[in-house]
Every structure is written in structure tokens, then in C-alpha cells.
Amino acid sequence: MANPVDTAARPEKPSEADSVYAWWRLVASIMMGSIGGVGLWSSVVLLPEVESQFDVDRSAASLPYTSVMIGIMLGNVLMGRLADRFGVITPVLIGSIAMGVGYAGAAFTTNLWLLLFFQGVLIGGLGTSSTFGPLIAAISHWFIRRRGIAVALVASGSYIAGTIWPPVVEAMMETLGWRDTHLIIAAICVVTIPPFTLALRRKPPRETMEATDQAAGSGRRPAPVSLPVLQALLFLAGIACCIAMSMPQVHIVAYCVDLDLGKARGAEMLSIMLGLGVVSRIGFGMLMDRIGALWTLLLSSSLQALSLLLYVPADGLYSLYLVSALFGLFQGGIVPTYAVIIREYFPASQAGTRVGLVLSATMAGMALGGWISGEIFDLTLSYTAAFLNGFVWNLINMAIVALLLWRGRLPRLSLPRPRRLLADAPLVGRWPGAL
């Protein structure tokens, strides 16, 4: 009779966290975020066309952008909840179809209110939101040692979209007109996004899900405050940091026009901000893995506050280029930290919903901050007070983070010893013949 199989002697299945497959998921997530992020920026390029095609004033022509921002703000929560319940593929596929229908519908509409429906509900609320918050939350399940850089890279998808899509959309509009351009975007969203979901089919590794659930449930890694209070503080922090962040991003073009530097120079400064924002998110993501998310948030927020103050004396072309570059390098590290903080203290099964809530707060801060800065300018006929207003909101964000660090008794602010890059490469030890 054959001896029974000694199950204890069987080798354990290697962890998929931080594995080659996890990095492939990350690449696919970045691609989907960069494609779906078109919804954030196409309405900005569309503004002059809306003004002329629908015969409305500048404020009414800005409504498509506002509707998209509100849609993404609400959609982040809805799509995050769907991801928690059914997996991330479901909201992404819904978003792909919604963007296809939304852009196609917008191409044929002759009614401004119907255009706002397509922009706010389909393109923003169900579309772009599905390729932002849910993908950021989902990738956090696949990394432990490299969670910070992984989340930061996926969050960079929106900035990559902001760097690539506006000039592409503008060029297509010049050649084909805005309606045919929207039909092409619809086709791109429907055709290109679904194939990338094939990389998202596996369930998250058990250890990454259980570790966070145990931390939130058993107190192995207690939160600095109660979980409801922590969620509320992160929500407020998201609003505060993005009210500050919105000032240069929303008004830099108008500021350059006021200084007689020209609209084109302002657009170049905005492009510099967004491009260096990608670099910022990668850099701060790497730092987050070494000093922790809360310390990274405090550092990035402090540097953003400094750059806002530097805008006050900067009124020349080259000084504004320099300060805009610094602002881009400093502010990109803020938003990804919220997702990592959520994953450190809340149950993994709630990650999509809770990350969506905080990211919705950042969207609300961007929308509110852009409006507040405009109102301050109308009252003072200067952007100096608007920059200082952003600085004050930035201080509120820093105070919240400092409170959380103090309540947690200032954990983790020590850089580990430098290690060889090859030792941390995801391919090492995973494939035969790896160095």
C-alpha cells in the first residue's frame, strides 16, 4: 500500500504579492488610467467650441468641465463600491462602455444640457472615475514591499493623460472638428480598454488581504484615531490639499495672460506641472515605501505650501517657469499617499469604497479651489491673495497630518540601509536564468 502523501512536505505556493504578475497588472492599470483619463482633459480643450457652437458665454461653456469633475467625484465612490463587491474588472468594463456611449452621444448633441448629461454622468461619473479610484485601490492589494511606488504609478495615469491627450485632442479638432474627434475618442475607449482587463483576472493574494483585515480588526497595527474619525480627517485633508493645488493648475493660464506673457506660455507651464507631476508621484512613491505614507504626505504637502508662496513674488516669464516646475515636482506626491494610508488602517475589503471617498474629496477640493481663487481675484483684481488662500488651506492639510502622526506617536521615519537594485528587482528569483 502506498504511503499517504505528506502534505506538510509540499512546498507552499509562492506569493504573488510584488511578483512579476503584479507588475504586469500595474502596467495594464497605468495604460487604462492613461486612456480613461481623457475625460478629465477633453472638456478643457472643448471649451471654446462649446462657446461658439452653443452660443453661450464663458461661464456656461465651462459647465461641461464642472459636470465632469462632479461626475468623477461621485463616481469614485460608486465604482469603488462595485470593485469591492464584484472585482475591479466590472467597473472598468462599465466605464469603457459608458465613455464610448458618452463621447458618441456628445458628438451628435445640439443641446447644451444633453451635453452636460453625457459629460457628467457617462464620461465622468461612470467612465473616467472607473479608471482612477478603483484601479488605485486594486493595485494596492498586489504589493506589500512596493505598495507606495505601485499606487503612485497607477495614480500617475491621470497626469500622463493630461500630458498626452490635450495636444492630441486639439490637433484632431483642428483637422476633423470636435464632433468627429469625439467619435474617435469613443472608439478608442471601447476598443483599447477592455483588452487590458485580461491582466486583472486573478484574485488578490490572500496574505495582502488578510494582513490589512487583521490590522484593522485585531489592533496589530492600530490607527492613530478611531476609523470613522480617520476617514473624516482624510476626507477633510483631501479637500484642503486640493483647494491649494487647484490655484496654479486652474489659473496659471489666466495669470500669464494678466501678466502679458501670453496664453501659450501659460499652457506650457501647465504642461510642465503635469509632466513633472508624474516624476513627482514616482519619486514620492519610492520614498513612501521607505518612510511611510503619513510622513511622505507631510513632506509633499509642506513642499507644495512652499511653492505656493514662491508664486507670490514670481511675475516674470522665467521665474514662473521655474516655480511651476517646482510646484509640479512637489505636489504630485500628495494624492497617492491617501490610498496607502487607507490600505494600512482599513479592511482590505473596503479599500475601493474608502479610497473612492478620499479621492472624491480631492476632486471636490479641485473644483471648489478653482472657483474660490476666481472669486478672490474678482474681489482683489490680483492673484496674490488667491495664492495666499491656497497656502492657508495647505496649512490645514499639514495640521491634520501632523495630528495623525502625533496621535500615532510619530511612527516610522527611518530610511533602511541601501540595497542593491538587482536584489529588489521583481524579476530576480522569479524566472529561470534571472541574475
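**Exercise 1. State which residues line the largest cavity, and sort them by class.**

Step 1. The lining of the largest cavity consists of Gly33, Gly37, Leu40, Thr128, Thr131, Phe132, Val154, Ala155, Gly157 and Ser158. A cavity is a set of points, on a 1 Å grid over the protein atoms alone, where a 1.4 Å probe fits but cannot get out; lining residues have an atom within 4 Å of a point.

Step 2. Two elements give two or more residues to this lining: helix H8 (147-155) and helix H9 (157-176). Helices are DSSP runs (H or I, at least four residues), numbered from the N terminus.

Step 3. Four of the lining residues are nonpolar, six are polar and none is charged. Ala, Val, Leu, Ile, Met, Phe, Trp, Tyr, Cys and Pro count as nonpolar, Asp, Glu, Lys and Arg as charged, and the others, Gly among them, as polar.

Step 4. The space in the largest cavity is about 50 Å³. A volume is the space filled by probe spheres set on the points, which are joined across faces, edges and corners.

The model is predicted: local features need pLDDT of at least 70 and side-chain atom pairs count only at pLDDT 80 or more, while totals for chains, interfaces and linings use all residues. Residues are numbered from 1 along each chain as its sequence is written, and side-chain values use heavy atoms, with hydrogens and water left out.

**Exercise 2. Describe the second largest cavity and find which helix gives the most to its lining.**

Step 1. Helix H1 (20-36) and helix H7 (133-139) each give two or more residues.

Step 2. H7 gives the most, with three residues.

**Exercise 3. Describe how H14 and H18 pack.**

Step 1. Helix H14 (residues 293-311) and helix H18 (residues 384-407) have axes that come within 9 Å and cross at roughly 165°. Axes are lines fitted to C-alpha atoms, for helices over the stretch in contact, and angles run from 0 to 180 degrees between N-to-C directions.

Step 2. H14 and H18 are therefore roughly antiparallel, a term for angles over 145 degrees.

Step 3. The crossing is left-handed, that is, the near helix is turned anticlockwise from the far one by less than a right angle, whereas clockwise would be right-handed.

Step 4. Contact means heavy atoms within 4.5 Å. Among the contact residues are Leu294, Trp295 and Tyr311 of H14, and Phe387, Asn394 and Leu405 of H18. By class, the contact has 15 nonpolar residues, six polar and no charged.

**Exercise 4. Describe the crossing of H4 and H6.**

Step 1. The axes of helix H4 (residues 63-86) and helix H6 (residues 112-127) come within 7 Å and cross at roughly 35°.

Step 2. H4 passes H6 in a right-handed crossing.

Step 3. Residues of H4 including Pro64, Gly71 and Gly75 meet residues of H6 including Gln119, Gly120 and Gly124. The contact divides into nine nonpolar, seven polar and no charged residues.

**Exercise 5. Describe the crossing of H5 and H10.**

Step 1. Helix H5 (residues 89-108) and helix H10 (residues 178-196) have axes that come within 8 Å and cross at roughly 165°. That makes H5 roughly antiparallel to H10.

Step 2. The crossing is left-handed.

Step 3. The contact includes Met99, Tyr103 and Phe108 of H5 and Trp178, Arg179 and His182 of H10. By class, there are 16 nonpolar, three polar and one charged residues.

Note on methods:
1 Å grid on protein atoms, 1.4 Å probe; cavity = no way out; pocket = protein on both sides within 12 Å on 5 of 7 lines; lining within 4 Å. Parallel < 35°, antiparallel > 145°, perpendicular 65-115°, else oblique.
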